[in-house]
Structure formats: structure tokens, C-alpha cells
Amino acid sequence: MAEHVARRCCLGWDFSTQQVKVVAVDAELNVFYEDSAHFDRDLLEFGTQGGVHVHEEGLTVTSPVLMWVRALDIILERMKASGFDFSQVLALSGAGQQHGSVYWKAGASQVLRSLSPDLPLHKQLQACFSISDSPVWMDSSTTAQCRQLEAAVGGAQALSCLTGSRAYERFTGNQIAKIYQQNPEAYSHTERISLVSSFAASLFLGSYSPIDCSDGSGMNLLQIKDKVWSRVCLAACAPHLEEKLGSPVPSCSVVGAISSYYVQRYGFPPGCQVVAFTGDNPASLAGMRLEEGDIAVSLGTSDTLFLWLQEPMPALEGHIFCNPVGSQHYMALLCFKNGSLMREKIRDESASCSWSEFSEALRSTEMGNGGNLGFYFDVMEITPEIIGRHRFSAENHKVPAFPRDVEIRALIEGQFMAKRIHAEGLGYQVMPKTKILATGGASHNRDILQVLADVFGAPVYVIDTANSACVGSAYRAFHGLAAGTDVPFSEVVRLAPPPRLAATPTPGASQVYEALLPRYAKLEQRILSQTQGPPE
Ligand SMILES: O=C(CO)[C@@H](O)[C@H](O)CF
């Protein structure tokens, strides 16, 4: 790393599943420093794989909380050894993997408040956690607790309307309920429960940081409209929970100044502000600088949609969170499991394993594919819960196969029509100013992006999101510095490098897909009704 010239900056942290990462961003929003501590590689003593421990029964998944603490020590020591000028840090914020939880033992707040600058954090916090292996988002061991919670509030849809999601095994309320039921002594010795994000903020604050509303929306506990804990949900999960969680705060809140521990040990300025940490996905939305009406499409192993919503319509699929940068708005996540692995399978079967042949097929077939529609789910799809391949002719007759080129277009048009239909089902609306931000492996294929632009009737931009959660956290730190001045987040980040335009809608695209989309939705419902029992 080149010699660092002192420059005023903000730090953005990401306590993710596999590593802790930091970026330093200067006032012109240039990233000039980054570092990371990779759990499997740099913290071998914890014996994780992919940053986690999958327990024997295959459902419980945890990460050692002291591994996260140790990773922070490593990065800060490396930054110090590299000559990083901490005195220039105006503010910091960060992100954490969503839904994970940390259980602070009674008395830990006193230890946090009186950290000795002569020792690393992990040597001082060893006895501060009542649960040493924190449940993380990959855990799926709380199905019983999910059913109990939904029953307590009047069903899955009622819980979704209240908290933004139906009950999900990884969501924190259900995890807390499991700990209370299976380890009541540890629960009773817990004075504070943090999310991974607010745990990380607490390390910098030297006191317990509040949970922000955006990451708090991933707990099945927060009333997303009123932005307060749901007493019914709290009571259904565990006793005395509100006092252990503290009150939620708006995501743009400055939660305090950095602990003197960092001033004395590393040279941070005493006035360095700590802005509430949030979840990795909300932080990524900030990093991608999503604005009202925009949609981010991450085309990876699974495809994930980030939506900006004004009037959410909570459903039994997807997740609606409080928006991290627009306090009166919302964001939504929709996950489609059959993403790039499905695209690669069809490429191998119908384009001789060649992406250029795959692209040629898209270029040589017309928008709308002659009315042929396809559904391709080789693994059980999440959105919606369908499995198998289902093809239909223009007359809505099931057909066993399509010609190669038609198959390829049917796959891509089908994947993107599903995204638009389910996004609109959550309340999303394509607006005249809508931008689609594409990222992930398939975003390098311009012909795939052309279909995306045509189906949504909106321009597609590509962005590099390698550090989006970290960079979004640094952007949010700058926004926190403007706290109380009502400067909008979009104004704070206007200097950031713009995304690159990759595709604009083909003339006539909206007529083609306005006609196809309702057909696709009806056929999807037909498949669902044929493959599921009668509705509940
Ligand atoms: O569970 C998820 C979102 O609901 C994941 O994206 C985690 O946030 C990954 F850390």
C-alpha cells in the first residue's frame, strides 16, 4: 500500500459471514485504503469453514463471537503498523451480517466502558458473553419457534404485515426464543442482546449501541411502520426482552463518540463520531446509492433483488425492511434461488457450453419469444415455491421442449418477468426515473442485460459491488456528520463515481411485456396450484 497522505476521511466496516473488512473513504468519496481479516485464513484457532460452524444436526449454524472481536484487533493493528493516520477519521459506521445475534453477559457494559488501551480487545472481552457461539443467518433450527411466533400474532401474513416478513428461521426473534427455551440460564445471565451490526458499533462506542431500524427489521420483532418493538412479538419470544434489546434508533443516528480506548491506543480523534451500524444488505443499498424507484439486481448463484419502496405491501415472500437512508421509506429483498446455476445449465444444454452462443441465441430471437414462456427451477425455488421445468406455447399449451434458441430466451425472459412480477407484488413500481443497477456474474453479459432492460422498460447500469456494504457504511458515516442538517443522503454521495449505462429498452419493449407479464403470472399460479395442495 503506498505511503498514506493524511486526509480527512470516514471509515466503513463490514462484519460479514467470512471476514471483517474496512475501507477508508476521503471527502471526495475516493476509497484510498482497504483491509480485511478473513476468519478461515487469519483466525485458524477458531476452526471455522466459511466463517461458521455447521453443527452436527445440520440445522444449527453459529460463529464464535470472540473471532469477530479478534478480527477487529488484527485489522486495527495492521492499520497502525502500516502508518494509517487515524487522527484524520471524522466518523465511522459499519454493517453486519443480518439476523445474527450477540449475548452480552451481566457486567459486560462495565468492561466495555473501562477498556485498557494497553491490551487488545479480545483479551479484555473474553468473559463478556453469555453465549460464546452466536447464531448466524445460515441457521435453520428454529422452525418450532417460527410457528409459535406466527400463532401468537394471528398467522404468517399478520406477522408479515406487522414486521415486514413472515417468520423465518434465521430471523433474530426466533433465535432468541430458542436460546430462552433451551438455555434459560444463559438467557437470564444476559444483560444485553445485540445484532452483529450493533455489537460491532458497541465495540467502537465502549458502550451498548442501539439497534438501528433497518437491521432491526430482520428480527420479526420490529413494527416496521411505527418503528417500535412489537410487544406481542417480544412476549412471544422471551421475557424481559425489551430491556435486553434497548430502543431502536433511525439508521442515520449518531450513536456517540468513539471510545477513549481507540483514541489512546490508535490515535483516533476524541470527536470521531460513530454512526449507527446496520445490516449488510441495507448498507449495500446505500453503497449502490439506490434511490426512490430504483431496483438493484444481483445476478449471482441466487439472484437477489434490492427494491426501494414507498408503500410496501408485506407478503408471504420476500422481506421488507425500514430503509437505511430514507427514514420514511422502505427497502425490500427478494431472493430467487435458481440464478446463475440455472443459466449455466441451459447454456451447457442449449448453447454448447458457450456464452457467446448463448448471447447469439438472445440476439437472434425476438422480444416476447413468439409467445413461448418457460419456468426453469431445477432446485426448489424460493420465489415462488415451485420446482421443475415448465414450458408453454403461445396458446398456453404445455410443451415438452423448445428449440435451442427459444429455450434460451424463455429462460432469461422468464427469470426477469418473475422478478418484475414479484417486485410489484411487494409494492414496487417502475417509475419514469427508474434505474436498474445490475451486479454479479451475469451482469457482464450485455445481451442478458438487454433483456433485463426490455422486461422492466428501464435503463440498466452496471456497478461494482465488491465493497458495497463497506463503502455504503462510509457513505452513511459522512451522512451522519450532516445529522440534524436535513441534508439528504443522495446529496452527501453526489460525488461518488456514477454507475455505467449498459442497456436501454428496445423500442416497443413495453408493449411486448405489458402483454406477456399477466400471462406469465397466471401460468405461474397454474403451476403453483398444480404442485401445491389447496390454499390454507
Ligand atoms: O439472510 C440474509 C438476508 O436476509 C443474508 O443476506 C445475510 O444478511 C448475509 F449476511
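User: Which helix supplies the largest share of the lining of the second largest pocket?

Analyst: Please note at the outset that this is a predicted model. Rolling a probe the size of a water molecule over the atoms shows where empty space is left. In this structure, helix H19, residues 468-481, gives the largest share of the lining of the second largest pocket, namely three residues.

User: What is the volume of the second largest pocket, and which lining residues lie nearest its centre?

Analyst: The volume of the second largest pocket is about 400 Å³. Its lining consists of 20 residues, and those nearest the centre are Gly287, Asp464, Val471, Tyr475 and Pro497. Sorted by class, the lining holds twelve nonpolar, five polar and three charged residues.

User: How many cavities of 30 Å³ or more are there?

Analyst: A cavity is a space where the probe fits but cannot get out, whereas a pocket is open. The count here is two cavities of 30 Å³ or more. The largest cavity has a volume of about 90 Å³.

User: Which residues and elements line the largest cavity?

Analyst: The lining of the largest cavity has 13 residues, with Phe377, Gly414, Gln415, Ala418 and Tyr520 nearest its centre. Strand S19 (373-377) and helix H17 (404-425) each supply at least two residues of this lining. H17 gives the most, with five residues. By class, the lining of the largest cavity comprises seven nonpolar, four polar and two charged residues.

User: How far is a polar side-chain atom of His99 from an oxygen atom of the ligand?

Analyst: For such a polar contact, one looks for a pair of N or O atoms within 3.5 Å. In the case of His99, a polar side-chain atom lies 2.7 Å from a ligand oxygen atom. For Arg170, the corresponding distance from a polar side-chain atom to an oxygen atom of the ligand is 2.8 Å. An N or O atom in the side chain of Asn281 is 2.9 Å from an oxygen atom of the ligand.

User: What percentage of the area that the ligand exposes when taken alone does the protein bury?

Analyst: Taken alone, the ligand exposes 290 Å², and the protein buries 86% of that area.

Terms used. Residues are numbered from 1 along each chain as its sequence is written. This is a predicted model: local features need pLDDT of at least 70, side-chain atom pairs count only at pLDDT 80 or more; totals for chains, interfaces and linings use all residues. Side-chain values use heavy atoms; hydrogens and water are left out. A polar contact is a pair of N or O atoms within 3.5 Å; within protein, one must be able to donate a hydrogen and the other to accept it, and residues adjacent in sequence count only if both atoms are side-chain atoms. Accessible areas come from the Shrake-Rupley method with a 1.4 Å probe; for residues, only the protein chains shown count as cover. On a 1 Å grid over the protein atoms alone, a cavity is a set of points where a 1.4 Å probe fits but cannot get out, and a pocket is an open set with protein on both sides within 12 Å along at least five of seven lines; lining residues have an atom within 4 Å of a point. Grid points are joined across faces, edges and corners, and a volume is the space filled by probe spheres set on the points. Helices (H or I, at least four residues) and strands (E, at least two) are DSSP runs, numbered from the N terminus. Ala, Val, Leu, Ile, Met, Phe, Trp, Tyr, Cys and Pro count as nonpolar, Asp, Glu, Lys and Arg as charged, and the others, Gly among them, as polar.
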